[in-house]
Amino acid sequence: MCSVSSCSRKTRRWPLCIFYGMLNAANVNSYIIYKENLERLANRQIISRKKLMLQVGKALITPWATSRLLLPLPRSLQFLITTVANISSPGSAAGSPGTSFSDSRSALVRCCECPVKSDRKTRHRCNKCVKPMCPRHLYPVCGDCI
C-alpha cells in the first residue's frame, strides 16, 4: 500500500527518511482501521486512501497555521496559509472593496486590467486572487474571481 500513495520526498537527510517512513506506516494503519470500522457499520461510504491522507494532513497543519497567522508575516504568505488551510486570517478585511497596501512599503504596481498605455498604478488588490487592480476594476473582488 505504501508504494501506491506515499508522502515520501527525495532527501539525503536520514532523519527525514525515517520521519516519512513513519508517516507512511501511520497513514496505512489509519486507513485500515478506518476502513474496518466503516465496514462494520452498514450504509457508510468509504473514502479513498488519498482523500483520507489529505484530510489527515489538513487536520495536522490547521492548528499550526492558525497560530502562525497571529505572527507578523508577509501578505503573500498569509494568503497562502489561508487558502491552503481554508481558514480566515484574523486581520482580513472580508467586506472591504479591496485590500489597500498604502501602509506598506511596497511600490505601486500596474493594474492588470487596464491597458498598458494608460499605465495606471495601484496598491489595491483583489481579496481572493491578490491580483493588482485599480479601484475602477475592483469591487469587492475582480471579475475573474466572481
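Colleague: Why is Val56 called partly exposed?

Modeller: Because its relative accessible area is 37%, and the label covers values between buried (under 20%) and exposed (over 50%), with a 1.4 Å probe and protein chains only. So Val56 lands in the middle class. Bear in mind that this is a predicted model, where local features need pLDDT of at least 70, side-chain atom pairs count only at pLDDT 80 or more, and totals for chains, interfaces and linings use all residues. Residues are numbered from 1 along each chain as its sequence is written, and side-chain values use heavy atoms, with hydrogens and water left out.

Colleague: Where does Val56 sit?

Modeller: In helix α2; helices are DSSP runs of H or I with at least four residues, strands are E runs of at least two, and both are numbered from the N terminus. The protein chain has three helices and four strands, in the order α-α-α-β-β-β-β.

Colleague: What makes the nonpolar surface patch?

Modeller: Val56, Leu60, Ile61, Trp64, Leu80 and Val84 do, over about 560 Å². Nonpolar side chains (Val, Leu, Ile, Met, Phe, Trp, Tyr) are joined within 5 Å, like charges within 9 Å. Val56, at 37%, therefore clears the area cut-off. α2 (49-69) and α3 (75-85) each give at least two residues, and α2 gives the most, with four.

Colleague: Which residues form the largest nonpolar core?

Modeller: Ala65, Leu69, Leu73, Ile81, Ala85 and Ile87. A core is a set of buried Ala, Val, Leu, Ile, Met, Phe, Trp, Tyr and Cys residues joined through side-chain atoms within 4.5 Å. α2 and α3 are the elements giving two or more residues to this core.

Colleague: What makes the pairing of Thr122 with Met133 a polar contact?

Modeller: A polar atom of the Thr122 side chain lies 3.3 Å from the backbone oxygen of Met133. The rule asks for N or O atoms within 3.5 Å; within protein, one must be able to donate a hydrogen and the other to accept it, and residues adjacent in sequence count only if both atoms are side-chain atoms. So 3.3 Å is inside the limit.

Key: Patch = residues over 30% accessible without salt bridge, like charges linked within 9 Å, V, L, I, M, F, W, Y side chains within 5 Å. Areas by Shrake-Rupley, 256 points an atom, 1.4 Å probe, with all protein chains shown as cover. Salt bridge = Lys/Arg side-chain N within 4 Å of Asp/Glu carboxyl O.
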